[in-house]
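Try each task before you read its solution.

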Amino acid sequence: MLDTIPNNVNLSENPKLQRALQHWLPNFLEWWKEMGPEGFQDERIYLRTAIGVGQGGWANFDYVKMPEYRWGIFLANPRPATTIGFGDHMGEKLWDQVPGEHRKELRRLIVTQGDTEPASVEQQRLLGHSAPSLVDLRNLFQVNVEEARHLWAMVYLLHSYFGADGRDEAEDMLERRSGHADRPRILDAFNKPIKDWLDLYCFTMFTDRDGKFQLASLAEGSFDPLARSTRFMLMEEAFHLSVGDTGIARVVRRTAELMKEGTEPAKVGAIPLEIIQKYINEWATASYDLFGGEDSSNAAAYFSTGVKGRFEESEEGKYPDHLALDAAYTAPVLENGKWSKREIPLRRAMNACLLDSYIEDCSKGLKRWNGILEEHGIGERLRLPSTHCNRAVGLYADHRFDVEGEPLDEAAWQRAKDKWFPTQADYDLVKRSMVPVLEPGKVANWLAPPRGVGGKPVDFQYVQFH
Ligand SMILES: [Fe+2]
Ligand SMILES: [Fe+2]
């Protein structure tokens with residue numbers, strides 16, 4: 001079985017890695033059968049498989065049953081730079097082994113990242129039953145198999161560089177379960193249920209996008225095998241983000257069409273704009289928390305040791321100073337009911353810097369969606385909620401803020417929160433729209449048609465039912 005694993009890490013000449021995988025792989029397949037997409041394991045899906053890192057090598061499309069998917073192990077091509085680009089070790093050679101003194105931090109980063117990958121597969125496992133089109137069904141499964149491959153990418157690092165405790169961590173990733181009371185996944189947003197397809201689009205737009213920024217910051221880092229693994233993952237991640245971004249755009253477009261012709265969306269099984277906004281608020285704010293505290297000693301340690309940089313740290317001219325020793329980050333904080341400014345030493349504020357880059361990226365999506373509203377002559381606009389709102393982590397977690405970021409007291413929050421976040425009635429309404437449409441070329445009534453993928457037309461038979 002091992003000889004069919006696509007890879008560029010010399011698996012066939014690495015008996016140690018072979019032994020580790022021989023043990024892990026059957027457990028992984030067990031996990032996939034138990035927690036992977038329910039009800040579609042025997043269907044043939046038109047999926048892309050990564051078989052190499054060169055141009056086109058990562059996008060081979062063919063029909064495959066998901067349990068037979070060829071999950072592979074890939075490192076992106078070496079970076080132009082051969083030295084560490086920031087932090088205390090700036091200018092030293094990149095690490096091709098884990099230095100003993102940074103072993104714990106690196107293991108924690110890899111495990112935390114790795115854990116999110118199977119978690120998202122678990123969160124999404126029931127959605128196939130209510131797919132709004134065959135393209136969407138296929139795209140869901142593409143995301144699922146690639147998240148599983150991302151787990152492989154992190155497990156490869158644990159097996160290759162972290163000895164016995166790495167192997168234990170790799171097993172534990174197959175033991176935890178999203179939303180489980182006793183053995184949940186590590187991060188909160190990955191324990192939230194993804195109940196419907198609007199959740200899925202918001203998750204892939206906002207939560208996968210946190211993934212993009214975490215991976216991108218690791219791709220700048222000093223531990224070269226991790227940086228090159230995450231660089232390759234980012235190529236797949238781009239597709240997941242497009243599923244979210246274009247998914248929400250299609251929902252907005254359908255709702256706008258109906259509003260323009262004077263039809264109330266909810267009356268015809270489509271989704272009112274206010275509910276789309278509430279879902280955005282829910283998933284965006286949960287995803288903000290994934291960045292961690294704005295003032296963080298862990299973030300400072302990751303930057304100092306060089307394992308995690310800022311977004312595009314190595315891009316020419318983007319950051320004038322890669323030591324970040326003297327500068328500060330100014331954050332507004334609420335103290336005794338009054339706003340003041342807190343100066344956070346820049347290294348401690350690296351999570352806040354990454355969150356800022358993320359917000360900038362999300363805003364582009366909002367702009368596109370609002371363009372659709374404008375195109376249809378609709379006056380309302382969708383907004384990204386403030387990074388102060390609904391936080392469980394960081395500077396704003398101890399106080400209530402509205403979606404614009406203004407403080408309010410607990411009573412006012414309780415009165416208003418159903419205006420901003422989905423209620424059970426909203427979830428019920430969305431659920432009623434979730435009727436499966438599996439005929440090629442057809443699409444559910446609550447969103448605009450998708451585009452074809454893999455060079456195929458939209459009415460292609462993306463899934464062959466047995
Ligand atoms: Fe991923
Ligand atoms: Fe993803």
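Two strands pair if DSSP finds at least two bridges between them. Helices (H or I, at least four residues) and strands (E, at least two) are DSSP runs, numbered from the N terminus. This is a predicted model, where local features need pLDDT of at least 70 and side-chain atom pairs count only at pLDDT 80 or more, while totals for chains, interfaces and linings use all residues. Residues are numbered from 1 along each chain as its sequence is written, and chains are lettered from A and ligands numbered from 1 in the order in which they are written.

**Exercise 1. Work out the strand order of the open sheet.**

Step 1: three strands form this open sheet, in the order β2-β1-β5, with antiparallel pairing.
Step 2: β2 (60-65) and β5 (463-464) are the edge strands, each pairing on one side only.
Step 3: β1 (residues 44-49) is joined to β2 by 6 bridges, and Tyr-46 has Tyr-63 in β2 as its bridge partner.
Step 4: now look at what sits on the sheet. Helix α3 packs there and touches β1 and β5; the directions of α3 and β1 make about 50°. (Axes are lines fitted to C-alpha atoms, for helices over the stretch in contact, and angles run from 0 to 180 degrees between N-to-C directions.)

**Exercise 2. Describe how α3 and α4 pack.**

Step 1: two packed helices are described by the angle between their axes and the distance between the axes.
Step 2: for α3 and α4 (residues 163-175), the angle is about 155° and the axes are 7 Å apart.
Step 3: find the contacts, meaning C-beta atoms, placed from the backbone, within 7 Å. On the α3 side, Leu-151, Val-155, Leu-158, His-159 and Tyr-161 meet Gly-166, Arg-167, Glu-169, Ala-170 and Met-173 of α4.

**Exercise 3. Which residues touch the most other members of the largest nonpolar core?**

Step 1: A residue is buried if 20 or more other C-beta atoms lie within 10 Å of its own, exposed if 12 or fewer, and partly exposed in between, with C-beta atoms placed from the backbone. A nonpolar core is a set of buried Ala, Val, Leu, Ile, Met, Phe, Trp, Tyr and Cys residues joined through C-beta atoms within 7 Å.
Step 2: the largest core has 112 residues, and Val-155, Cys-202, Val-251 and Val-252 touch the most other members.
Step 3: α3 (residues 134-161) gives the most to this core, namely 16 residues.
Step 4: zoom in on Cys-202. Beyond its neighbours within four places in sequence, it contacts Gly-244, Ile-248, Tyr-279, Ile-280 and Trp-283.

**Exercise 4. Trace the hairpin of β3 and β4.**

Step 1: β3 (residues 328-335) and β4 (residues 338-345) pair antiparallel over 8 bridges.
Step 2: Ala-328 has Pro-345 in β4 as its bridge partner, and Glu-335 stands opposite Lys-338.
Step 3: 2 residues lie between the strands, and Asn-336 takes a positive phi near 50°.

**Exercise 5. Is Leu-408 partly exposed or buried?**

Step 1: Leu-408 lies in the loop between α9 (350-375) and α10 (410-420).
Step 2: count its surroundings. With 15 other C-beta atoms within 10 Å, Leu-408 is partly exposed.
Step 3: not counting residues up to four places away in sequence, Leu-408 touches Arg-400, Phe-401, Asp-402 and Trp-413.

Definitions and conventions
Contact = placed C-beta atoms within 7 Å.
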